[in-house]
Amino acid sequence: MLDARLRLGLTRCGNPPPDQRIDGGQQQQGQQTAILALLAFGVLRSPLPDLRAEEDRGGDGDWRGLLGFRHLWLGAVALFLYVGVEVMAGDAIGIYGMAFGLPFEQTAYFTSLTLAGMMLGYVVGLVLIPRVVSQERYLALSALLGAAAVAGAWATQGYVSVGFVAALGFANAMMWPAIFPLAIQGLGRHTGTGSAILVMAISGGAVVPQLFALLKEVADFQWVFLALMAPSYLFIWYFAVRGSRPA
């Protein structure tokens, strides 16, 4: 009876109960999927020219030719981890906040904090790179900043901890545009195939948050967050300072 009154009160105040919010979100996702499917069909049927990369014409651009480029494979791992931590900071921050018992009406807006930090990071990166600091140096500093913010999130509670997670948006901002070119440098005719491998690393955005969702059910969620995020940023730092150098 009390639950029914609460749900009715939320609805009258303009805040539908959680199950209705979930249904609304699923409906929006379905609409977005339909729009993307129509766009994909339009691109497929459009009279675009058939562009062929240099390696396709030369016949020596398959992935086996890339085995000697160590920095490419390290870059693929770095991108996999980066996309994972980016999704964690942007999308999973709401789940992180709710684990502290913070109300849904507030956690629903936490993603905007991460995006604000990311926009600030874009501006700072555009101003500093490469006039003041090199791409590799800025990537290394961003990775260390990310690791420090993760440690801060682990060591604090509530809104302060969430604030540290949102600060990861600033640290993540310039990682993709730094990792990608460093990973494909010197590939020559293999650049197209190498780029395709790096694009597949986007799958990290599906794997890392799912691991967090699963592991937080069996262990403290802050420890799980630390165990997934800190090694990821440290690996990105390693790629920036050493792994990005072509052999």
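Predicted model: local features only at pLDDT ≥ 70, side-chain atom pairs only at ≥ 80, totals over all residues.

What covers them? In length, α8 has 21 residues and reaches 30 Å from its first C-alpha to its last, close to the 30 Å expected at 1.5 Å a residue.

Helix α4, residues 70–90, also has 21 residues, and its end-to-end C-alpha distance of 30 Å is close to the expected 30 Å. Here 15 of the 21 residues are buried, so α4 is largely enclosed by the rest of the structure.

Now the overall picture. The protein has 13 helices and 0 strands. Of its 247 residues, 37% are buried. If you take contacts between residues at least 6 apart in sequence, 80% of them join residues at least 24 apart.

Next, the nonpolar cores. The largest has 51 residues, and Leu139, Leu168, Ile179 and Phe225 have the most contacts inside it. Elements that give two or more residues to this core are α4, α5, α8, α9, α10, α11, α12 and α13. Which of them gives the largest share? That is α13, with 11 residues. As general background, nonpolar side chains in soluble globular proteins tend to be buried together.

Take Ile179 as an example from that core.

Ile129 brings me to the peptide bonds. Ile129 and Pro130 are joined by a cis peptide bond, with omega at about -5 degrees. Pro130 sits in the loop between α7 and α8.

On to a helix pair. Helix α7, residues 110–128, packs against helix α9, residues 158–172, at an angle of about 35 degrees, with the axes 6 Å apart. Their crossing is right-handed. On the α7 side the residues are Phe110, Leu113, Thr114, Gly117, Met118, Leu120, Gly121 and Val124, and they meet Tyr159, Val162, Val165, Ala166, Gly169, Phe170 and Asn172 in α9. By type, the contact divides into 10 nonpolar, 5 polar and no charged residues.

Is Thr114 buried or exposed? Thr114 has a relative accessible area of 2%, and with the cut-off for buried at under 20%, Thr114 is therefore buried. Apart from neighbours within four places in sequence, Thr114 is in contact with Ala89, Gly90, Ile93, Val165, Ala166 and Gly169.

From α9 I pick Tyr159. Its relative accessibility is 49%, so Tyr159 counts as partly exposed. With sequence neighbours within four places left aside, Tyr159 is in contact with Leu102, Pro103, Gln106 and Phe110. Tyr159 and Leu102 are 57 residues apart in sequence, and their C-alpha atoms are 8.4 Å apart in space.

To sum up: a protein of 13 helices and 0 strands, a largest nonpolar core of 51 residues, and a right-handed crossing of α7 and α9. That's it from me.

Note on methods:
Residues numbered from 1 in each chain as written. Heavy atoms only, no water. Helix = DSSP H or I, 4+ residues; strand = E, 2+ residues; numbered from the N terminus. Expected span 1.5 Å × (residues − 1). Buried < 20%, exposed > 50% of the residue type's maximum accessible area, 1.4 Å probe, protein only. Axes fitted to C-alpha atoms, helices over the stretch in contact; angles between N-to-C directions. Left-handed = near helix turned anticlockwise from the far one by under 90°. Contact = heavy atoms within 4.5 Å. Nonpolar A, V, L, I, M, F, W, Y, C, P; charged D, E, K, R; others polar. Core = buried A, V, L, I, M, F, W, Y, C linked by side-chain atoms within 4.5 Å.
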